[in-house]
Amino acid sequence: MPRVSPTLEGFRASFRRPSLTFAEIAWRWTVGAVGWALVLFWLIEFLDTLPVTKGDATLLRTRQPLLVGRAIEHILRGSLDRAVLAALFALIAFLLLWIVTSSIGRAATVRFLLEYFRRDSANDVAIETDTANVGRPFPSLTGLNFLRAALTLAAILAIVGASILATFVSSKANPHPGLVFILFLALAGLICIAWPALNWFLSLASIFAVRDGEDTLGAISAAVTFFRERTGPVFAVGIWTGLAHLVALSVATTAVSVPLAFLQIAPWRLVIAGIFLITLLYFAVVDWLYMARLAGYVCIAEMPDALASSAPMPAPPPQTSIDREEPILSDVPGLAVET
């Protein structure tokens with residue numbers, strides 16, 4: 001089988017099957033819209049519960065920063081517990097929605113990619129694989145997504161803990177603000193390195209939860225083994241899709257500056273609409289790149305033999321030893337030496 005490029009196969013799969021990207025966008029953007037709706041309703045309901053007296057209203061109408069600040073402080077006094085409790089319930093509801101929706105969406109997309117690569121290889125040759133275990137990956141995917149959500153919350157709490165821990169090296173009697181900042185930066189850097197790496201392994205494990213029917217721990221073990229055995233191709237897919245993501249971010253950042261340049265002469269609603277449209281296009285491209293990367297990983301998992309180079313066998317080296325059975329000139333009878 002000739003050598004194939006998982007990166008090119010991943011981009012080719014995302015080009016040939018645009019419905020795959022549309023499905024990914026559908027469930028991701030639906031969860032995002034629900035999340036923003038929860039934030040909006042939480043804010044509206046929280047503001048509706050705040051008591052505003054006539055004195056507070058009078059202070060707010062003065063538009064004096066000091067008086068307005070006093071009024072807001074009086075209005076918000078004693079409402080922190082309600083705000084935190086409501087935000088906690090909204091966060092739990094959002095995480096449950098994300099876990100269930102992500103499990104269903106990932107099972108559908110990975111199964112589609114498995115069928116695609118099993119049906120169409122680089123040489124249009126079907127690849128024989130065991131499909132007996134593919135059927136009910138939802139419990140495993142739910143466990144993986146629960147671990148991803150827990151890992152994200154743990155990373156946030158770890159950053160908050162790092163900010164508190166860094167303040168212990170400084171005191172009022174002997175302040176060291178620079179040392180506090182350096183220590184916090186080092187701890188936050190370690191957290192920001194460990195969290196994406198662990199989250200990436202949990203995301204990669206979903207392939208094996210769908211393909212092999214592994215449980216949560218078995219899928220994680222399979223993902224680690226897969227990365228150890230196919231480190232080069234996996235890094236290649238991640239690097240190329242990461243560079244494409246960086247290019248998309250640069251283009252989107254430049255494009256956003258165009259409507260901002262017309263802020264003084266164009267209606268502000270039109271400028272906001274242009275920025276919103278560019279942002280949506282950027283997120284659509286990001287989801288497409290994510291599906292291309294996922295397709296590349298599935299290609300590596302489904303066609304491991306095609307990744308090896310089919311170079312010809314090297315020719316045997318020339319014989320340098322002496323064949324003792326072959327006669328030499330001095331052994332030939334009747335041979336005269338002319339001088």
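Modeller: Let's start with what a nonpolar core is: a set of buried Ala, Val, Leu, Ile, Met, Phe, Trp, Tyr and Cys residues joined through side-chain atoms within 4.5 Å. Keep in mind that this is a predicted model. The largest such core has 35 residues, and Leu 113 and Phe 117 have the most contacts inside it.

Biologist: Which elements give two or more residues to this core?

Modeller: Those are α5 (80-119), α6 (138-166), α7, α8, α9 and α10. Helix α10 provides the largest share, nine residues.

Biologist: And what does Leu 113 touch, not counting residues up to four places away in sequence?

Modeller: Leu 20, Met 291, Leu 294, Ala 295 and Val 298. There's also a second, separate core of six residues, with Trp 27, Val 31, Ile 99 and Ala 149 among them.

Biologist: Why does Thr 7 count as buried?

Modeller: Buried means under 20% relative accessible area. Thr 7 comes in at 10%, so buried is the word. Thr 7 belongs to helix α1 (residues 6-16), and leaving out residues up to four places away in sequence, Thr 7 touches Ala 236, Val 237 and Trp 240.

Biologist: What makes the pair of Trp 200 and Tyr 297 edge-to-face?

Modeller: Ring centres have to lie within 6.5 Å, with planes over 60 degrees apart. Here the centres are 5.9 Å apart and the planes sit at 85°, so edge-to-face it is. Since Trp 200 is in helix α7 and Tyr 297 in helix α10, the pair ties together parts that are 97 residues apart in sequence.

Biologist: Is Tyr 297 buried or exposed?

Modeller: Buried, with a relative accessible area of 5%. Phe 235, at 46%, is partly exposed. Phe 235 pairs edge-to-face with Phe 227, at 5.6 Å centre to centre and 70° between the planes. Trp 200, Phe 201, Phe 227, Phe 235 and Tyr 297 form one aromatic cluster.

Methods
Residues are numbered from 1 along each chain as its sequence is written. This is a predicted model: local features need pLDDT of at least 70, side-chain atom pairs count only at pLDDT 80 or more; totals for chains, interfaces and linings use all residues. Side-chain values use heavy atoms; hydrogens and water are left out. Helices (H or I, at least four residues) and strands (E, at least two) are DSSP runs, numbered from the N terminus. Buried means under 20% relative accessible area, exposed over 50%, partly exposed in between (1.4 Å probe, protein chains only). Contact means heavy atoms within 4.5 Å. Rings of Phe, Tyr and Trp (its six-membered ring) pair if their centres lie within 6.5 Å; planes under 30 degrees apart count as stacked, over 60 as edge-to-face and the rest as tilted.
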